[in-house]
Amino acid sequence: MKSGVFEHQEIAELVEAYRPVWALGHALSLMSWDSETYMPRGGVEERALAKAELQVLRRKLLLRDELKKALERAKSVEGLNEYEEGIVRVIEREVRIASSIPEKLLYEFSRLREEATHAWREAKAKDDYSIFKPYMEKIIEYARKIADSLGWEGHPYNALLDLYEEGLRVEDVDRIFDAIIPESKAVLEKVRSSGYFPERHPLEEVEYRRQDMEAVNREVLDVLGYPWDRGRLDVSPHPFTISMGVGDVRITTRYEGRDFRHTLFAVIHEFGHALYELQVDPRLKATPLAGGASLGVHESQSRFWENVVGRSREFTGLISPVLRRHLSFLKGYSDEELYRYFNIVRPGLIRVEADELTYNFHIYLRYRLEKMMVAGEIKAGDLPELWNSMMEELLGVKPKGYRDGVLQDIHWSHGSIGYFPTYTLGNVIAAQIKAKVDSELGGLEKLAGSEEGLARLREFLADRIHRWGSTFPPKELVKRALGEPINPEYFNSYIRSKFLRD
Ligand code: MG
């Protein structure tokens with residue numbers, strides 16, 4: 001490959017040997033996109049079967065001798081450049097993970113996840129935890145088996161954290177929560193007593209016409225600079241971003257029919273994810289480096305655009321003409337009112353509806369429970385009661401049933417344990433990026449108020465973070481891009497300055 005980023009023949013050969021794995025991943029992404037958007041319901045069963053088969057095939061391709069030999073040859077080369085070291089690291093890590101989990105365990109776990117997700121849907125619909133409990137018990141057991149197969153030091157949860165966020169450990173997560181939870185509590189109390197940011201707003205009740213919001217979302221994406229020749233906006237029950245490669249990164253949103261900020265901010269959030277993948281150095285196309293560094297860094301991009309930029313007063317002013325052109329019910333509301341509506345602060349039971357200030361409490365709760373589960377300190381039967389009492393302790397609200405408590409998220413039924421902390425990591429890194437923008441580009445707020453300013457932000461992110469793809473592990477990337485390791489104090493000063501207005 002004469003791309004200029006891979007100088008050594010051994011690396012070019014390794015990338016070639018990996019290409020079929022990449023191609024299968026590409027096909028699986030397209031199938032996932034289709035499953036979540038346009039596939040008729042009748043296709044579910046065969047699609048699940050086809051995907052499971054292709055995943056097994058992908059694992060085989062990854063573990064085949066040709067690739068292992070190419071990897072060994074590449075590892076013995078001295079003087080690799082940064083991209084080349086990245087290629088070796090990413091492929092070696094993928095091979096290590098795939099080969100440490102025995103095929104039988106992987107297969108059983110994948111079947112369990114399928115069944116557990118079905119059970120979870122039924123349990124949630126009926127608001128009956130007892131339907132899901134036996135599956136949750138198994139999920140915990142298998143999560144621990146997987147941690148043991150991967151190997152761990154210190155705490156078994158470390159092995160699972162690392163799956164989603166390379167190099168993340170419980171000490172890191174503890175340090176972050178120890179820094180932000182007490183401060184968030186203090187800020188929350190003050191915000192609630194001051195009343196500047198409302199707990200409720202009349203616009204929450206206002207219904208919109210779907211075609212009006214579709215037009216708004218498309219025009220806001222124009223303002224943000226989403227390239228329509230390399231992306232699409234579609235509709236799905238849960239908004240998501242999916243990348244087929246550097247040249248095709250698609251997003252979705254949903255339309256609930258009222259409280260228009262939900263569909264709007266879902267679009268801005270997913271735009272942040274998409275921009276990351278769209279701005280990867282095109283020379284990394286079709287290689288294992290052409291994706292984000294980790295889930296946490298990815299979430300930092302979506303949160304940066306959704307919250308730091310999107311919920312700022314200046315950005316509100318920038319998109320206000322678009323909103324007013326399509327939503328006639330905004331007539332009686334000033335831009336200041338819109339800003340407050342976008343920044344309602346209200347402790348609630350549901351994570352996905354949580355505001356910037358209370359969101360991390362929801363993650364903290366799940367993190368504490370997961371850590372105990374994996375260590376064998378609690379069982380599936382203990383979860384609902386622990387959940388409810390922690391919720392009351394952290395946010396002063398108590399679920400009425402299981403649906404708005406322990407059964408609200410799909411993650412555990414998917415077997416995803418160790419995933420939640422990456423959301424908080426994203427919030428923390430987003431605030432750290434804001435501080436860097438403030439000091440280097442002279443005030444994020446000013447940039448958020450004009451299309452030229454947004455273009456400068458896109459360039460800044462491309463230069464510091466996006467173009468590298470997964471060349472560097474997440475901790476190293478943050479340090480290189482922002483000049484210091486992940487530091488939760490930036491999140492604290494961000495919420496203080498925004499919500500206490502000091
Ligand atoms: Mg996200």
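Mentor: Asp162 is buried, at a relative accessible area of 18%; buried means under 20%, exposed over 50% and partly exposed in between, using a 1.4 Å probe and protein chains only. Keep in mind that this is a predicted model, where local features need pLDDT of at least 70, side-chain atom pairs count only at pLDDT 80 or more, and totals for chains, interfaces and linings use all residues. Residues are numbered from 1 along each chain as its sequence is written, and side-chain values use heavy atoms, with hydrogens and water left out.

Now for the partner. The side chain of Asp162 meets that of Arg96 in a salt bridge, 3.8 Å from N to O. The term stands for a side-chain nitrogen of Lys or Arg within 4 Å of a carboxyl oxygen of Asp or Glu. Since Asp162 lies in helix H7 (residues 157-164) and Arg96 in helix H4 (residues 82-100), the pair ties together parts that are 66 residues apart in sequence. Those helices are DSSP runs of H or I, at least four residues, numbered from the N terminus. Arg96 is partly exposed, with 39% relative accessibility.

For another pair, take Asp463 and Arg464, whose closest N and O atoms are 3.7 Å apart in a salt bridge. Back at Asp162, salt bridges that share partners join Arg89, Arg93, Arg96, Asp162 and Glu166 into one network. Elsewhere, Glu199 forms a salt bridge with Arg192, with 2.7 Å between the closest N and O atoms. Here Glu199 is partly exposed at 30%, and Arg192 is partly exposed at 43%. By this rule, the count comes to 51 salt bridges.

Methods. Helix = DSSP H or I, 4+ residues; strand = E, 2+ residues; numbered from the N terminus.
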